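Have a look at the sequence and the structure, then read on.

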Amino acid sequence: MDRELALELVRVTEAAAVSSAQWMGRGQKDEADDAATTAMRTMFDSIAMEGTVVIGEGELDEAPMLYIGEKLGNGNGPEVDIAVDPLEGTNIVAKGHNNAMSVIAAADRGALLHAPDMYMQKIAVGKQARGQISLDDPIEKTIETVAKATNKRINDLTIIVQERPRHEELVERIRAKGARVKLFGDGDVEASIATCLPHTGIDLFVGTGGAPEGVISAAAVKCLGGDMQARLVPQNDEEAQRCIEMGLNDPKQLLTHHDLVSSDDAIFAATGVTEGELLHGVKFLGGDLAETDSIVMRAKTGTIRFIKANHHMNNKPHLLNND
Ligand code: VTB
């Protein structure tokens, strides 16, 4: 992959964010998602690459755009796997809550796990605890490991968990061990990334969320030098069969960070849609100006860029979708 690709990809997430932010607070999550997907698809055409969607909006028969297997880019560039979540947090945008983002991960062809859309158990930590965690460890042991690695008292650790009934027992065990829990409503890509950024104060992410989001998070965590592991959680025989079809003979096998993203080079780009801890949301500044806040990073070099941009929406008709 060449380094220009990173900056090209952030232009794609910017477009998707500006488009979907126009749906904030309108209670229409599908429209917000469609706006993000359409803008993203339009922008991809201009990029010099031979991209293949490996994680997208669904299979060809159920998603008209950004379906798994779709070819992206103008064909004059590196062969890459692309994972997209045009709007990570459709419900967040519909309700006007925090932390919705538009996200893309890219890696060398064949390097991203082709995760089906099902649940995935995940764990993520920042670089201090890299190489020391295991999803097979009981949560109590993981907490001790992270406390030691970060040189913090267990009482001072912050563990981020998605607020869902499926996590009630997990949360009780974390509290019983003495650590602090930060519950969030939606958007576990942001939660995974937070473990790698010391200013967030988040030390550990655990819980079960979407598998596509898991692979995208793993690319981001790789760029930030952290560690992640996962395990698919098929809910029925059909889902277990899908895992086998994608080459996992044991659908419940532990997936290491390398299994999730196998190349040393990966790119992650995200633009905030609504206000968040990692990124500001899109701001409409008056006239036709929209301001975006993005992060783009590359695992190979470890460079992290925060990019603030002002866009004239009248010059980009595909960004204006809410007339
Ligand atoms: C997960 C998580 C996502 O939606 O997919 C979640 O990975 C869905 O969980 O980040 P439920 O089925 O319990 O609602 C997000 O939070 C947002 O897309």
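Two strands, β5 (119–125) and β8 (204–210), each supply at least two residues of the shell around the ligand. Keep in mind that this is a predicted model. The ligand itself sits in the largest pocket.

**Who surrounds the ligand**
- The shell around the ligand divides into seven charged residues, five polar ones and one nonpolar one.
- Of the 13 residues around the ligand, those that come nearest are E88, Y119, R164, R166 and D186.

- Y119 places a polar side-chain atom 2.3 Å from an oxygen atom of the ligand.
- For D188 the backbone takes part: one of its N or O atoms lies 2.8 Å from an oxygen atom of the ligand.
- How much of the ligand does the protein bury? Taken alone, the ligand exposes 420 Å², and the protein buries 76% of that.

- In an unreviewed UniProt entry, the annotation "binding site" covers D85, E88 and E213.
- These residues span 129 residues in sequence, yet no two of their C-alpha atoms are more than 8.1 Å apart, so they gather at one spot.
- D85, E88 and E213 are included in the lining of the largest pocket, and that pocket is where the ligand sits.
- As for the strands, D85 has its place in β3 (residues 79–88).

Notes. Residues are numbered from 1 along each chain as its sequence is written. This is a predicted model: local features need pLDDT of at least 70, side-chain atom pairs count only at pLDDT 80 or more; totals for chains, interfaces and linings use all residues. Side-chain values use heavy atoms; hydrogens and water are left out. A residue is near a molecule or strand if one of its heavy atoms lies within 4 Å of it. A polar contact is a pair of N or O atoms within 3.5 Å; within protein, one must be able to donate a hydrogen and the other to accept it, and residues adjacent in sequence count only if both atoms are side-chain atoms. Accessible areas come from the Shrake-Rupley method with a 1.4 Å probe; for residues, only the protein chains shown count as cover. On a 1 Å grid over the protein atoms alone, a cavity is a set of points where a 1.4 Å probe fits but cannot get out, and a pocket is an open set with protein on both sides within 12 Å along at least five of seven lines; lining residues have an atom within 4 Å of a point. A molecule sits in a cavity or pocket if more than half of its atoms lie within 2 Å of its grid points. Helices (H or I, at least four residues) and strands (E, at least two) are DSSP runs, numbered from the N terminus. Ala, Val, Leu, Ile, Met, Phe, Trp, Tyr, Cys and Pro count as nonpolar, Asp, Glu, Lys and Arg as charged, and the others, Gly among them, as polar. UniProt positions are given in the numbering used here, feature names are shortened, and annotations may be inferred rather than shown by experiment.
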